[in-house]
Amino acid sequence: MNADHSDKLLTIGQFAKLHGINKKTLMWYDEIRLFRPAVINPENGYRYYSYHQSPVLETILLLRELDVSIEEIQSFMENRSAASLKLLLDEKIEDLDQRLLHLQALRKTVAGYQQGMAALLTMDLSKISIIEKEERCLATVDVNKNTSFEQEVELITAQTAKYQLGRLHDASYGSMLSVSSLKEGRFDDYCKLFIEIPFLAQKDDFHIQPAGTYLRAFHKGSWDGIPKRYQEILEYAEKHRIVLSGFSYEKGINEMVIDRIEDYIVQIEIPILREG
């Protein structure tokens, strides 16, 4: 603003419009003595603001956008200084970093759901295919035949809390079955449950699902039919001289759009050690 006009007073409507807020917000700030007008007309009670007050109001609006409480802002305004503002902003930058990590993780998860729904519209569920996959970090918990469903829920809940995922939809979940168990016909010998961690700063203490070539298949229906699907997978691998290794990674891909177990689709992916 031109210095020649910077000392002129603005009406509450003009000042609110200048800062992109409702004038009722300014009236409330005045009532709680957080931000007072430069002048109040004694005859009609109209509030007027100086342009020089703009930086103070913008500071308040910034802090509100950062979810700083009114009480905290009032305390800051009473003892306003560079040191106190830096301390407040240090805390909020840390909060923003955490929120950004969460949003990045959420976007990755949502993109996975989006791709899954797109694939559901065109995929041939009977087909067994060869695909390439990127490396993934999985948090795992050990299970066995004696692990009850209630225990599995408790284990997954604990891992979800440990990695601050917040909600079940913040990550992909599934189960793991060793290839050695498959080859021995132990198709119900699940050894781990996994949670795919969407965004990590480090990979310590995680199971790494390796990048590389995978055999991918699908099973539709109840879990009782999965052993038969594994037999078909092993027959396919033998016919095409494919050597499987590591673990089979299973996860449901359509829970969000079905009501019946008969419509449930499990995606099965197994690393290929070599072909031919």
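A residue is termed exposed when its relative accessible area is over 50%, buried when that area is under 20%, and partly exposed in between. These terms are used in every legend below, and all views are drawn from a predicted model.

**Figure 1. Overall form of the predicted model.** The protein has 276 residues, of which 37% count as buried. Its secondary structure consists of eight helices and 12 strands. Along the principal axes, the C-alpha trace extends over about 95 × 35 × 35 Å. The radius of gyration is 29 Å, whereas a compact globule of 276 residues would have a value near 19 Å.

Figure 2. Arginine 241 is placed in the loop between helix 8 (226-239) and strand 10 (242-244). Although arginine 241 is not a glycine, its phi is positive, at about 55 degrees. The relative accessibility of this arginine is 62%, and arginine 241 therefore counts as exposed, the cut-off being over 50%.

**Figure 3. Aspartate 67 in the loop between helices 3 and 4.** Aspartate 67 occupies the loop that joins helix 3 (54-65) to helix 4. Here too the residue is not a glycine, yet aspartate 67 has a positive phi of about 65 degrees. With a relative accessibility of 56%, aspartate 67 counts as exposed.

**Figure 4. A patch of negative charge on the surface.** The patch brings together Glu71, Glu72, Glu91, Glu94 and Asp97. Two helices, helix 4 (70-78) and helix 5 (82-120), each contribute at least two of its residues. The most is given by helix 5, which supplies three residues. Glutamate 71 belongs to helix 4. Its relative accessible area is 57%, so glutamate 71 is exposed.

**Figure 5. Two further residues of helix 5.** Arginine 99 lies in helix 5 and is partly exposed, with a relative accessible area of 42%. Arginine 99 and tryptophan 223 are 124 residues apart along the chain, and their C-alpha atoms are separated by 37 Å. Leucine 101 is also placed in helix 5. At 33% relative accessibility, leucine 101 counts as partly exposed. From leucine 101 to leucine 63 the sequence separation is 38 residues, and the distance in space is 21 Å, C-alpha to C-alpha.

**Figure 6. The salt bridge between glutamate 196 and arginine 136.** The model contains 15 salt bridges in total. In the one formed by glutamate 196 and arginine 136, the closest N and O atoms are 2.7 Å apart. This pair links distant parts of the chain, 60 residues apart: glutamate 196 is in strand 7 (residues 190-196) and arginine 136 in strand 5 (residues 136-142). Glutamate 196 has a relative accessible area of 11% and is buried. Arginine 136, at 9% relative accessibility, likewise counts as buried. Both values fall under the 20% cut-off.

**Figure 7. The salt bridge between glutamate 269 and arginine 216.** The closest N and O atoms of glutamate 269 and arginine 216 are 2.7 Å apart. Because glutamate 269 lies in strand 12 (residues 265-275) and arginine 216 in strand 9 (residues 212-220), the pair ties together parts that are 53 residues apart in sequence. Glutamate 269 counts as buried, at 2% relative accessibility, whereas arginine 216 is partly exposed, with a relative accessible area of 23%.

**Figure 8. The salt bridge between arginine 186 and aspartate 189.** Arginine 186 and aspartate 189 form a salt bridge in which the closest N and O atoms are 2.2 Å apart. The relative accessibility of arginine 186 is 29%, so this arginine counts as partly exposed, a term that covers values between the 20% and 50% cut-offs.

**Figure 9. A network of salt bridges.** Three residues are shown: Asp30, Arg36 and Arg47. Salt bridges link Asp30, Arg36 and Arg47 in a network.

Conventions:
Residues are numbered from 1 along each chain as its sequence is written. This is a predicted model: local features need pLDDT of at least 70, side-chain atom pairs count only at pLDDT 80 or more; totals for chains, interfaces and linings use all residues. Side-chain values use heavy atoms; hydrogens and water are left out. Patches are made of residues with over 30% relative accessible area and no salt bridge: like charges are joined within 9 Å, nonpolar side chains (Val, Leu, Ile, Met, Phe, Trp, Tyr) within 5 Å. Accessible areas come from the Shrake-Rupley method with a 1.4 Å probe; for residues, only the protein chains shown count as cover. A salt bridge is a side-chain nitrogen of Lys or Arg within 4 Å of a carboxyl oxygen of Asp or Glu. Lys and Arg count as positive and Asp and Glu as negative; His and the chain ends are not counted. The place of a charge is taken as NZ of Lys, CZ of Arg, CG of Asp or CD of Glu. Helices (H or I, at least four residues) and strands (E, at least two) are DSSP runs, numbered from the N terminus. Buried means under 20% relative accessible area, exposed over 50%, partly exposed in between (1.4 Å probe, protein chains only). The radius of gyration is taken over C-alpha atoms; the globule rule is 2.2 Å times the number of residues to the power 0.38.
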